[in-house]
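Colleague: I'm new to this one. Can you walk me through it, charged pairs to begin with?
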Amino acid sequence: MPATSLKITTKGSEALAEALKALKTIPNLTTLDLQRCMIGDNGCQALEEALKTNSTLATLNLWGNSIGDNGAHALAEAPKRNSTLTTLYLQNNSIGDNGAQALSQGIQMNSTLVTLNLQRNSIGENGGQALGEALKTNPTLDTLDLSENSIGDNGAQALGEALKTNSTLATLNLINNSIGENGGQALGEAIKTNSTLATLNLSFNSMGDNGAQALGEALKTNSTLATLNLTNNSIGENGGQALGEALKTNPTLDTLDLSFNSMGDNGAQALGEALKTNSTLATLDLSLNSIGDSGAQALGEALKTNSTLATLDLAQNSIGDNGAKALGEALKTNSTLATLNLAQNSIGENGAKALGEALKTNSTLVTLNLYSNSIGDSGALALGEALKTNSTLATFNLAFNSIGDNGAQALAEALKTNSTLATLDLTYNSIQENGAQALGEALKTNSTLVTLNLSENSIWYKGLLAFSEALKTNSTLITLGLEDNWIQPKIVKAFSEALKNKCTLATLDLTCNLTEDNGAQVLGEALRTNSTLTTLYLAGNLIDGSGGQALADALKMNSTLTTLDLQNNLTGDGGAQALAGALKMNSTLTTLDLWRNSIGEIGAQALAEAIETNATLTTLYLQDNSIGDNGALALSQALKTNSSLTTLDLWGNSIGDNGAHALAEALKRNSTLTTLYLQNNSIGDNGAQALSQGIQMNSTLTTLDLCFCDSLE
């Protein structure tokens, strides 16, 4: 049976020819994806001719095709005649007001289009007004995305007028459109009578309190809107109070995002009062709103009786201990809240103690985020005590909280009996030997923890040894983060012994430690027999050529590792040559990071020879080495035959025009590379011109970065 969906990866005229042929020869073609094919206005005109007679195409994706108003004019003709197209993606083009006006005329005569995406198209108020006119009569459009344009108040007013009579639009996206209070008021008036709109996104505008008040007034009578996003709209306490009043009677709103505004305590109090009686809101985001303890107390009171809210985000406010106490008191009786985000809220040990008391009896909270507060050991002790009996919490973030050994010991005791916690983040605390030993001991019997992050603490020999011992018997831990913890070769040897056993660990992060060559050698020994580890981070570990050789020897036998991060080490050309030898035999590694490893052209040539035959590596980072033009030439030769590499990072490698010319020639023949980073090299105009020619003949590259090069292109 012939394919019904086609994604074209060629560019320009070649892509257009392929598309036109498909429209004529594939009898049941329903989806045509021309994303980033650069067909331009002329291509749109040719497509329009083909669409006049096509009777099967339902989805056309023209995202990022350098289409201007002439191309939009051509495409506008298609909806007038075509009776099958339901989805048209035109985001990231430049159709402007004229193009939007032309499309609006086409939409008025169309009865099949359901989704139209015009995001980031330089559409101003005239285009917005034209689309508003179209919505008055169009009988089918369900989703309209105009985000990141500049329709302003006049455009919003036109769309508002249309919504008064429109009976099909369900989703309207107006993110970042320079809409002020007048536009907000117009949309509010429309929502009073509109009976179909379910999702309205007005984030990153400037509607202020007056706009919010108008929308609040509308919500009192509206019975269809389920999701309203007002992020970053300069809404203060008056706007918050108006929205609070609306929530008391609104019967449908499920999600309200008010993050990054300035509603303060008064706004939060109004919303809290509303939550006491509201019976539909499930998600409320009040992060970054200058809310203090009195606002949090009001929200806490509401949670005691509210029976629908499942997610509450209060991150980056200043609720302090008193606010945390109020929320803790509420959690003792609340039976619906599953996610609570209190990150960066100046909560100390007393607030943590109150939350701990709540967790002893709460039976619904699954995720608690206390990132970057100041709960200290006393707070951790209280939370640990709670975890002994709590049976629902699965994710707990305690990073950046000044927790030391005593707090870690308390949490460890809890882990011995807790049966639900799967993720525990203790990054950036002050845990040392005793705390780490306690956590390691707990892991020997714990059977639920999957992820434990202890990066950026001060764990030394005995504590790290405890973890290595625990890994020998633990049967659930998959991810262990130990970045920047002074891990030395003798500790790495202990971890390696654990990895040789029936260990479950899939990700091990040893970034910025003191592994050195001896540590790399023992890790290499472990990798030869380990069958679970898929990701190993060894960045910044003073590993030189012999360590690289040991890891390379392991890769020849290992059959599970997919990501190896060796950035910021000292492997040099010798290490690169060894790893290249491994790549010729290894069939599982997909990502190799050799950023800043003192690799020159000899190492690059060896790696190039390897990727000529390697069929699994998809990502190779060689940023900030010194491969020069000769290294680039060797890699270019490899790219002509390689069929797996999709990302190649050559940032800061002293590559000049000759290297750029070689890479350009490779691009003409390569059919897999999608991303090429060449920033901070010495590529001039000649090199840039060559790359430009190469891109024109390439059918897959989507990202080429030449920032900080000598080119004027």
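This is a predicted model: local features need pLDDT of at least 70, side-chain atom pairs count only at pLDDT 80 or more; totals for chains, interfaces and linings use all residues.

Colleague: Pick one for me. What does Glu48 pair with?
Modeller: Glu48 makes a salt bridge with Lys52, and their closest N and O atoms are 3.9 Å apart. The two residues sit in helix α2 (residues 40–53), four residues from each other, about one turn of the helix.

Colleague: Is Glu48 buried or exposed?
Modeller: Glu48 counts as buried, because its relative accessibility is 5% and the cut-off for buried is under 20%. Lys52 is partly exposed, at 32% relative accessible area.

Colleague: Okay, another pair. Which residue does Lys360 meet in a salt bridge?
Modeller: That's Glu357, at 2.9 Å from N to O. Lys360 and Glu357 are three residues apart in helix α13 (residues 349–361), so about one helical turn separates them.

Colleague: And how accessible are Lys360 and Glu357?
Modeller: Lys360 is partly exposed with a relative accessible area of 33%, and Glu357 is partly exposed too, at 40%.

Colleague: Let's zoom out. How many positive and negative charges does the chain have?
Modeller: There are 36 positive and 67 negative charges, and the mean positions of the two sets are 7 Å apart.

Colleague: How many helices and strands are there?
Modeller: The chain has 25 helices and 26 strands. Its radius of gyration is 30 Å, close to the 27 Å that the globule rule gives for 713 residues, so the chain is as compact as a globular protein of that length.

Colleague: What box do the C-alpha atoms fill?
Modeller: Roughly 75 × 65 × 50 Å, along the principal axes.

Colleague: What share of the residues is buried?
Modeller: Buried residues are 58% of the 713 in the chain. The accessible surface comes to about 25500 Å², and 46% of that belongs to carbon and sulfur atoms.

Colleague: Last one: what about contacts along the sequence?
Modeller: Taking contacts between residues at least 6 apart in sequence, 89% join residues at least 24 apart.

Notes: Residues are numbered from 1 along each chain as its sequence is written. Side-chain values use heavy atoms; hydrogens and water are left out. The radius of gyration is taken over C-alpha atoms; the globule rule is 2.2 Å times the number of residues to the power 0.38. Buried means under 20% relative accessible area, exposed over 50%, partly exposed in between (1.4 Å probe, protein chains only). Contact means heavy atoms within 4.5 Å. Accessible areas come from the Shrake-Rupley method with a 1.4 Å probe; for residues, only the protein chains shown count as cover. Lys and Arg count as positive and Asp and Glu as negative; His and the chain ends are not counted. The place of a charge is taken as NZ of Lys, CZ of Arg, CG of Asp or CD of Glu. A salt bridge is a side-chain nitrogen of Lys or Arg within 4 Å of a carboxyl oxygen of Asp or Glu.
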